[in-house]
Amino acid sequence: ELARALHRLGARAVLVKGGHLSGADAPDALFDGESVSTFTAPRIPTRNTHGTGCTLSAAIAAHLARGFALKEAVA
């Protein structure tokens, strides 16, 4: 629901990270304006999380620049 709400504010696509949720997995939700895709990975127990969002966004941007579709770039 959060991704859809942010999309309504004007974003073309929204990736909502689930890293701060509890549980063994860290789920993320991508809304591309039409459908929601979920990406789940095992949580890595660490306190060293500063900069992980910046690293993720750079990796997504690099994959988009190389011609990957949005869902493939996020995965």
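Q: How many helices and strands does the protein have?
A: This is a predicted model, in which local features need pLDDT of at least 70, side-chain atom pairs count only at pLDDT 80 or more, and totals for chains, interfaces and linings use all residues. Residues are numbered from 1 along each chain as its sequence is written, and side-chain values use heavy atoms, with hydrogens and water left out. Helices (H or I, at least four residues) and strands (E, at least two) are DSSP runs, numbered from the N terminus. On that basis the protein has three helices and three strands.

Q: In what order do the elements run from the N terminus on?
A: The elements of the protein are read from the N terminus. Their order is α-β-β-β-α-α.

Q: Which residue in strand 3 is the bridge partner of Phe 31?
A: Strand 2 (residues 25–31) runs antiparallel to strand 3, and seven bridges join them. The partner of Phe 31 in strand 3 is Val 36.

Q: What percentage of the residues of the protein count as buried?
A: Buried means under 20% relative accessible area, with a 1.4 Å probe and protein chains only. Of the 75 residues of the protein, the share that counts as buried is 16%.

Terms used
Buried < 20%, exposed > 50% of the residue type's maximum accessible area, 1.4 Å probe, protein only. Pairing = 2+ DSSP bridges.
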